[in-house]
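Reader: I would like to learn how to read pockets and aromatic pairs in a model. Could we take them one at a time?

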Amino acid sequence: MSRLAEVLPRRIDLRFLLLAALLTVFGIVMVISTTAGSPRGDLAGKQVLFAVLGLIAAGVFLAVDYRILLQYSPGLYGLTLLVLLWLPLFGKRIAGSKSWIKIGGGFQLQPSEFARISIALLLAWILENDDRPILKTRTIVAIAAAVGVPVLLVLLQPDLGVALTYLPFIAGALFFGGLKGRWWAALLIAGTLAVGGSWFLLKDYQKDRIRTFLDPNLAARGAGYQVRQARIAIGSGGILGKGWKQGTQSRLGFLPVRHTDFIFAALAEEWGFVGVAVLLGAYGFLIARALAIARDARDRGGSMLVLLLIVNIAGQFLVNVAMNVGVLPTTGITLPFLSYGGSSLIATWCMVGLVLSVAYRRYVNV
């Protein structure tokens with residue numbers, strides 16, 4: 001027992017774990033602030049419960065050898081696709097989309113958030129089986145299909161925000177797997193054409209968001225309202241912020257969905273530049289620590305798994321912040337660890353558990 005107590009702290013990457021915990025606590029503090037005194041005042045307690053469940057889920061993923069999960073990743077991925085296909089066909093429409101499964105007690109589960117885990121495992125398994133410096137064409141096609149199919153299924157729900165969170169997986173897999181320069185050029189052209197063509201598939205409210213992104217003064221009280229209020233909140237925070245629970249944009253209800261998509265703007269208003277700098281620093285150290293874990297992983301599969309997971313988290317973080325400051329159109333993407341939401345938080349902590357599993361088994365004799 002004493003030996004176990006001695007070994008565990010050395011093999012569990014405590015720095016990565018503590019950084020993830022710090023960000024989660026930061027999120028709970030902001031959910032308390034943004035919902036206090038409102039009809040949503042009970043959300044903070046739920047977020048604490050989600051954090052505890054996430055920590056337990058991370059422990060489960062830490063206990064399971066990631067090499068076993070990689071071995072069974074095609075099957076896990078197949079089950080994930082069946083669930084994602086079931087939702088648009090037979091799911092119940094909630095808040096305009098068929099993305100949720102009711103589990104009782106007032107709680108709902110969003111399977112598309114957990115699909116990120118299956119996608120990452122399958123991509124890592126694919127890359128583990130193609131260890132050449134430059135990816136083979138069939139591997140590139142497999143990567144595109146592994147991400148493209150769930151993207152299409154989630155778009156059918158429809159949930160554009162979650163579907164976009166899958167895209168960093170393609171860039172990460174191709175970059176770390178090894179891709180010829182001409183393929184990058186082809187992807188750039190294909191991506192540009194796809195973005196242009198997707199305009200005709202967007203719903204009216206999504207087109208309005210892009211129009212207001214291109215012209216912030218357009219529809220200031222309509223589609224552009226969210227971004228304008230977020231910018232006002234961020235700018236009014238100054239250096240030190242207005243103080244916890246003192247954000248007027250947030251507390252008076254001017255800032256929409258301040259506990260989920262726009263929690264970054266609420267944080268900037270209350271904690272100012274200093275708070276934002278601390279948040280960015282925490283994310284930076286988390287990413288750096290994950291890169292170190294990927295470097296020290298015992299095999300290519302573990303290394304690729306960690307890289308893909310952290311690329312997904314970092315990509316989601318960057319898009320959310322860019323959306324809050326008006327650099328990208330509003331897309332409904334949550335801020336990892338901070339935004340309110342059980343599925344998002346628990347799924348992210350599952351990813352933390354996988355990273356810790358790779359770090360724990362970095363030694364050959366484990």
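Predicted model: local features only at pLDDT ≥ 70, side-chain atom pairs only at ≥ 80, totals over all residues.

Reader: How much space lies in the second largest pocket, and which residues are closest to its centre?

Author: Rolling a probe the size of a water molecule over the atoms shows where empty space is left. Here the second largest pocket holds about 1400 Å³ of space, and of the 49 residues that line this pocket, Trp100, Gln110, Asp159, Thr260 and Thr334 are the closest to its centre. Helix H3 (43–63) is among the elements that give two or more residues to the lining, and the largest share, five residues, comes from H3. By type, the lining residues divide into 20 nonpolar, 21 polar and eight charged.

Reader: How many aromatic pairs does a search of the whole structure find, and why is the pair of phenylalanine 50 and tyrosine 340 called tilted?

Author: A pair of aromatic rings is described by the distance of the centres and the angle of the planes. The search finds seven aromatic pairs in the whole structure. For phenylalanine 50 and tyrosine 340 the centres are 5.9 Å apart and the planes lie at 50 degrees, so this pair is tilted. Because phenylalanine 50 lies in helix H3 and tyrosine 340 in the loop between helix H14 (300–324) and H15, the pair ties together parts that are 290 residues apart in sequence.

Reader: Is phenylalanine 50 buried or exposed?

Author: Phenylalanine 50 is buried, because its relative accessible area is 8%, under the 20% cut-off.

Note on methods: Residues numbered from 1 in each chain as written. Heavy atoms only, no water. 1 Å grid on protein atoms, 1.4 Å probe; cavity = no way out; pocket = protein on both sides within 12 Å on 5 of 7 lines; lining within 4 Å. Points joined across faces, edges and corners; volume = space filled by probe spheres on them. Helix = DSSP H or I, 4+ residues; strand = E, 2+ residues; numbered from the N terminus. Nonpolar A, V, L, I, M, F, W, Y, C, P; charged D, E, K, R; others polar. Phe/Tyr/Trp six-rings, centres within 6.5 Å; stacked < 30°, edge-to-face > 60°. Buried < 20%, exposed > 50% of the residue type's maximum accessible area, 1.4 Å probe, protein only.
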